[in-house]
Amino acid sequence: MFRSVLIANRGEIALRVIRACKEMGVRTVAVYSEADSTSPHLDDADDRVCIGGSRSAESYLNTEAIIQAAMQKECQALHPGYGFLAENARFSALCAQSKITFIGPPAHAIRLMGDKARARETMRKLGLDPIPGSDGILNGPDHAREAALSIGYPVLLKASAGGGGKGMRVVEDEGALESAFNEAYMEAEKAFGNPALYMEKYISRGRHIEFQILADVYGNAIHLGERECSIQRSHQKLVEESPSPVIDEETRRSLGEKVSKAVAAIGYVNAGTVEFLRDEAGNLYFMEMNTRLQVEHPVTEMVTGFDIVKEQLRIAANCELSRTQDEIKISGNAIEVRINAEDPEQGFKPDPGKIEVFEPPAFDSVRVDTHIKSGYTIPPFYDSLICKLIGHGRDRRQAIATVKAALEAFRIEGVKTTIPIHIEILSTKEFEDGSYNTRFIPELLATKGRDSDG
Ligand code: MV4
């Protein structure tokens with residue numbers, strides 16, 4: 001096992017990884033920007049290095065400064081967390097060149113799955129049907145018109161170098177196609193430095209189902225069940241749960257097996273998530289693969305009892321997977337809510353500032369992943385996530401009741417948070433009976449004349 005690991009991230013995920021390392025007897029080196037010099041997670045690390053200015057480009061995206069810090073502190077490995085450089089194939093290769101083990105997939109797998117059009121074709125050949133759509137990228141508006149005619153409107157234009165919703169355009173009819181193509185093309189170029197677009201049938205009222213996978217360097221691959229992440233606003237997940245109310249045991253077993261075989265076939269290593277979109281007829285279509293640890297990984301940990309971050313470290317140190325597929329059991333239900341410093345009454349506007357009071361609930365079946373302490377001031381430079389609250393129950397009804405009670409007991413003063421909207425979501429009939437879909441948030445917000453969710 002590694003003697004010393006650098007955590008190339010900040011906030012709650014940095015603390016989460018530090019804790020896993022400490023439980024494994026691994027020394028930890030935290031990095032921080034000038035704005036994060038008082039971040040409470042630094043106190044839990046064995047050592048720390050300032051890697052640059054407050055803007056992400058100067059610090060958490062500064063590959064040279066991060067590699068330099070790892071070498072200066074003689075770290076054998078580096079955990080990227082999520083976001084920032086977690087899915088940056090060039091960074092993963094740079095770590096390898098610097099003889100620093102990147103705790104994540106090999107660069108070729110990040111590159112392959114990062115090209116969303118190529119990922120569709122690859123997974124189709126491995127038995128995972130993608131959402132009906134174009135064969136590869138679109139080489140212009142005329143090609144897009146032909147593809148749309150065979151797919152059938154409404155269609156969705158997506159950026160091949162994108163993901164997470166950026167550069168997406170729904171096109172209802174041919175008249176709107178050319179301008180949508182040109183807008184999406186320019187937006188993709190601006191956001192990702194790559195304008196390539198592909199097209200899919202637009203699945204309205206779909207449900208987002210994702211499988212957690214783990215693969216080791218010996219070709220072993222397992223899945224840890226699925227998570228449902230359909231409750232999103234502007235492509236930001238708000239609530240995630242496992243198991244999904246619409247996946248039965250046979251579907252979980254058969255699709256999970258296909259997913260495990262597919263990721264092993266592409267030579268995938270470490271943790272990853274394979275995303276599906278389920279249409280109203282119940283068809284599960286491959287949408288994209290995320291080659292990183294996800295924000296919502298604790299939901300899976302709570303129902304499987306499996307520490308995914310510790311397993312990532314073991315895999316990166318060339319250990320075999322510590323469990324076989326038969327040893328993975330899903331027990332009970334877990335629900336995660338992402339608590340952001342945002343004002344739901346003002347279009348979820350970020351509300352950074354000093355947190356005067358921060359008192360999480362102390363419930364046995366509730367986990368709170370956060371780096372926040374009372375008196376800490378949230379800087380305005382990064383995302384607004386302040387903590388994740390994950391509740392477990394022996395069944396879904398109990399998990400909902402647990403999370404609601406925990407949210408009501410949570411004391412946060414000094415900034416606005418999304419706690420009220422989470423309580424509202426968990427109190428709706430759609431959530432209670434598990435009948436929600438990707439339109440849930442836009443429709444909920446429209447009922448009260450709040451911001452329409454794009
Ligand atoms: C879709 C879709 C409908 N049809 N693709 C959202 C971000 C990225 N993961 C892809 N997303 C979507 N892709 C097709 N062909 C609807 C969405 C989508 C969505 C998906 C899951 C959960 C919430 C969502 C919110 C808005 C859009």
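**The ligand and its surroundings**

Mentor: Start with one contact. A nitrogen atom of the ligand sits 2.9 Å from an N or O atom in the side chain of Glu 200. Keep in mind that this is a predicted model. Next comes Lys 201. Here the backbone takes part: one of its N or O atoms lies 2.8 Å from a nitrogen atom of the ligand. Ile 203 also uses its backbone, with a polar atom 2.9 Å from a ligand nitrogen. How much of the ligand does the protein bury? Taken alone, the ligand exposes 530 Å², and the protein buries 94% of that.

Now widen the view to the whole shell. The ligand is surrounded by 20 residues. Glu 200, Lys 201 and Ile 203 are among the closest, and so are Lys 158 and Gln 232. By type, the shell holds eight nonpolar residues, seven polar ones and five charged ones.

Which strands supply these residues? Five names to find: S6 (155-159), S8 (197-201), S10 (221-233), S12 (270-278) and S13 (284-290). Each of these strands supplies at least two residues of the shell. S10 gives the most, with three.

Step back to the domains. The domain assignment gives domain 1 (4-103), domain 2 (132-201) and domain 3 (207-447). Where does the ligand lie among them? Domain 2 and domain 3 both give residues to the shell, so the ligand lies between these two.

Domain 1 has its own contact with domain 3. It takes 32 residues from domain 1 and 28 residues from domain 3. The C-alpha centres of these two domains are 23 Å apart. Between them they bury about 2400 Å². Carbon and sulfur atoms account for 62% of that area. Why quote an area here? The size of an interface is often given as the accessible area lost when the parts come together.

Return to the strands for some backbone details. Look at the loop between helix H6 (141-151) and S6, where Pro 154 lies. The peptide bond from Tyr 153 to Pro 154 is cis, with omega near -5 degrees. Another cis bond runs from Ser 242 to Pro 243, again with omega near -5 degrees. Pro 243 is in the loop between strand S11 (236-242) and helix H8 (249-265).

One more residue to check is Glu 74. Its phi is near 50 degrees, a positive value in a residue other than glycine. Find Glu 74 in the loop between helix H2 (63-72) and strand S4 (77-79).

Technical notes. Residues are numbered from 1 along each chain as its sequence is written. This is a predicted model: local features need pLDDT of at least 70, side-chain atom pairs count only at pLDDT 80 or more; totals for chains, interfaces and linings use all residues. Side-chain values use heavy atoms; hydrogens and water are left out. A residue is near a molecule or strand if one of its heavy atoms lies within 4 Å of it. A polar contact is a pair of N or O atoms within 3.5 Å; within protein, one must be able to donate a hydrogen and the other to accept it, and residues adjacent in sequence count only if both atoms are side-chain atoms. Accessible areas come from the Shrake-Rupley method with a 1.4 Å probe; for residues, only the protein chains shown count as cover. Helices (H or I, at least four residues) and strands (E, at least two) are DSSP runs, numbered from the N terminus. Ala, Val, Leu, Ile, Met, Phe, Trp, Tyr, Cys and Pro count as nonpolar, Asp, Glu, Lys and Arg as charged, and the others, Gly among them, as polar. Domain bounds come from an automatic or database domain assignment. Contact means heavy atoms within 4.5 Å. Buried area is the accessible area (1.4 Å probe) that two parts lose on being put together, summed over both.
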